[in-house]
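Student: Hi! Could you walk me through this one while I have it open?
Tutor: Happy to, let's go.

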Amino acid sequence: MNSRGSTTVADRIFASLPYLLPLIDGLGFGRYWFQEFPPLKVLILPLVPVLQIYSLPFAGLIIFFALYFLVVRSENTSHFVRFNTMQAILIDIVIIMCRLIVSIMEPTFQSSTFIVETLYNTIFLGVLASVIYSVFQSLLGRYAEIPAISEAVNTQIR
């Protein structure tokens, strides 16, 4: 097992790739944001090839478990890559929980689109901020410390 230490350029790149999982799952919450600011749709154009793969049946679930079992649980993978992969998985779990809560609450606020739009935009911007922060920290070779999530990751990664 590799401990915390210096990271290679390959480790930095591989550590930032798993954050595509929560980014793609969080794009659904950006629908109102992209309606309000249509020119920003250009920013997701580089994700189109990944979105096509992700649109296959159960692709998200398969990628989720593949990352967990092949990367996080692999003792041969560096601690830095495993930490960032597990953090991306936990961010994705938070997004899944938000989607579940919103689907339960949305019929209640059907008459108030302002509340629904605000909720969607808040979740989307939170996901976007955490993913951008984590990717930049990973590319710099630093551990992205997100409160509560990073603590949970540290208990999972030994």
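Student: Among contacts between residues at least 6 apart in sequence, what share joins residues at least 24 apart?
Tutor: In this chain, 77% of them do, where contact means heavy atoms within 4.5 Å. Do keep in mind that this is a predicted model: local features need pLDDT of at least 70, side-chain atom pairs count only at pLDDT 80 or more, and totals for chains, interfaces and linings use all residues. Residues are numbered from 1 along each chain as its sequence is written, and side-chain values use heavy atoms, with hydrogens and water left out.

Student: OK, and what is the mean pLDDT of the chain?
Tutor: The mean is 90, and 97% of the residues reach 70 or more; pLDDT is the predictor's confidence in each residue, from 0 to 100.

Student: Which elements have the lowest and the highest mean pLDDT?
Tutor: Helix 4 (residues 48-54) has the lowest, at 84, and helix 1 (residues 9-16) has the highest, at 95.

Student: How many helices and strands are there in the chain?
Tutor: Eight helices and zero strands. Both are DSSP runs numbered from the N terminus: helices are H or I with at least four residues, strands are E with at least two.

Student: And how compact is the chain next to a globular protein of that length?
Tutor: It is as compact as one, because its radius of gyration is 17 Å, close to the 15 Å that the globule rule gives for 158 residues. The radius is taken over C-alpha atoms, and the rule is 2.2 Å times the number of residues to the power 0.38. Along the principal axes, the C-alpha atoms fill a box of roughly 55 × 30 × 30 Å.

Student: What about burial: what percentage of the residues count as buried?
Tutor: 39% of the 158 residues do. Buried means under 20% relative accessible area, exposed over 50%, and partly exposed in between (1.4 Å probe, protein chains only).

Student: Let's zoom in. Is leucine 23 buried or exposed?
Tutor: Leucine 23 counts as buried, because its relative accessibility is 14%. You will find leucine 23 in helix 2 (residues 20-26).

Student: Which residues is leucine 23 in contact with, leaving aside neighbours within four places in sequence?
Tutor: Leu47, Leu128 and Val131. As for isoleucine 63, it sits 40 residues from leucine 23 in sequence, and their C-alpha atoms are 13 Å apart.

Student: Now serine 130. Where does it lie?
Tutor: Serine 130 lies in helix 7 (residues 113-139). With 16% relative accessibility, serine 130 counts as buried.

Student: And what does serine 130 touch, not counting residues up to four places away in sequence?
Tutor: Ile91 and Ile146. Proline 38 is 92 residues from serine 130 along the chain, with 22 Å between their C-alpha atoms.

Student: Switching to backbone angles: what is the phi of phenylalanine 58?
Tutor: Phenylalanine 58 has a positive phi of about 60 degrees, although it is not a glycine. Phenylalanine 58 lies in the loop between helix 4 and helix 5 (59-72).

Student: Is phenylalanine 58 buried or exposed, then?
Tutor: Exposed, because its relative accessibility is 64%.

Student: And what can you tell me about alanine 148 and its phi?
Tutor: Alanine 148 has a positive phi of about 70 degrees although it is not a glycine. Alanine 148 is in the loop between helix 7 and helix 8 (149-156), and it is exposed, with a relative accessible area of 51%.
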